[in-house]
Amino acid sequence: MNIYLQGLLLGISYCAPIGMQNLFVIDTALTQKRRRLYPIIFIVIFFDVTLGLACFLGAGALMEALPWLQKIILGIGSALVIYIGIGLVRSKASLEGGKDVNVSLWKAAATACVVTWFNPQAIIDGTMMLGAARATLPEGTDAFFICGFASASVLWFNFLGTAVSLLGSKINEKILTIINKVCGAFIIFYGCKLLYSFIKLMGWL
């Protein structure tokens, strides 16, 4: 039980900081009906848990063995992050229109995949954090730890989506537009930081 709780607490600390996944869930909760919100949330959870498993099992070792792969992930990831941010900044929020938009689950899944698996910082941070945690686990307790980590993802994203959805009725179009632009600016800044890291990694600076 202690190992499960250890995984749960570490998982919450991994999910809770505002990042690409949280911003995606917040935007979804503000613009989609609840019957579409929860399937999308579980898609996000799926990609989050699979990324955690990959990091736990040593995705970082593959990147260390293949330096060119790290460059590809960093380069493509930074470009996609900036593109997503620009889209948010340029978007014109509408509560009426947003609620009626029938976003396909395939499109939602693709976006969830991008904000999770094409986020180089999430891969690096997850590998370092989960790799270090795995090294401290008693033999035979890996499954309990991973179950705790996965539970944290389920609890956090459902809580975040539900809370934002319930408060969404108090948010008008002007506030939604501001939120989108602020989130977009944050994402662009984050993407530029990743791009800067890519340029340094390539030795262009």
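Student: What share of the 205 residues in the protein is buried?

Tutor: Buried residues account for 44% of the 205. Keep in mind that this is a predicted model.

Student: And the accessible surface, what does that come to?

Tutor: About 11100 Å². Carbon and sulfur atoms hold 71% of that area.

Student: How many helices and strands does the protein have?

Tutor: There are 10 helices and zero strands. Along the sequence the pattern reads α-α-α-α-α-α-α-α-α-α.

Student: Of the contacts between residues at least 6 apart in sequence, what percentage joins residues at least 24 apart?

Tutor: That figure is 90%.

Student: Now the core. How many residues are in the largest nonpolar core?

Tutor: It has 48 residues. Leu-130, Phe-145 and Phe-157 make the most contacts inside this core. Helices that each supply at least two of its residues include H1 (2-15), H2 (20-31), H8 (120-136) and H9 (142-167).

Student: Which helix gives the largest share of this core?

Tutor: H3, with 11 residues.

Student: Back to Phe-157. What does Phe-157 touch, beyond four places in sequence?

Tutor: Its partners are Cys-15, Gln-21, Asn-22, Val-25, Ile-41, Val-44, Ile-45 and Asp-48.

Student: Why does Asp-48 count as buried?

Tutor: Because its relative accessible area is 0%, and the cut-off for buried is under 20%.

Student: What is Asp-48 in contact with, leaving aside neighbours within four places?

Tutor: Tyr-14, Cys-15, Gln-21, Thr-116, Phe-149, Ser-153 and Phe-157.

Student: Take Thr-116 then. Is Thr-116 buried or exposed?

Tutor: Thr-116 is buried, because its relative accessible area is 1%. It is found in helix H7. Not counting residues up to four places away, Thr-116 touches Gln-21, Phe-47, Asp-48, Leu-51 and Ala-122.

Student: How far apart are Asp-48 and Val-115 in sequence and in space?

Tutor: They are 67 residues apart in sequence. C-alpha to C-alpha, the two are 9.6 Å apart.

Student: So how do H3 and H7 cross, in angle and axis distance?

Tutor: Their axes come within 9 Å and cross at roughly 35 degrees. The crossing is right-handed.

Student: Which residues of H3 and H7 meet?

Tutor: On the H3 side, they include Ile-40, Ile-43, Val-44, Phe-47, Asp-48 and Leu-51. H7 brings residues including Ala-108, Ala-109, Ala-112, Cys-113 and Thr-116.

Student: Different pair. What about the axes of H2 and H9?

Tutor: Those axes come within 8 Å and cross at roughly 40 degrees. This crossing is right-handed. Gln-21, Asn-22, Val-25, Ile-26, Ala-29 and Leu-30 of H2 make the contact with Trp-156, Phe-157, Leu-160, Gly-161, Val-164 and Ser-165 of H9.

Terms used. Residues numbered from 1 in each chain as written. Predicted model: local features only at pLDDT ≥ 70, side-chain atom pairs only at ≥ 80, totals over all residues. Heavy atoms only, no water. Helix = DSSP H or I, 4+ residues; strand = E, 2+ residues; numbered from the N terminus. Buried < 20%, exposed > 50% of the residue type's maximum accessible area, 1.4 Å probe, protein only. Contact = heavy atoms within 4.5 Å. Areas by Shrake-Rupley, 256 points an atom, 1.4 Å probe, with all protein chains shown as cover. Core = buried A, V, L, I, M, F, W, Y, C linked by side-chain atoms within 4.5 Å. Axes fitted to C-alpha atoms, helices over the stretch in contact; angles between N-to-C directions. Left-handed = near helix turned anticlockwise from the far one by under 90°.
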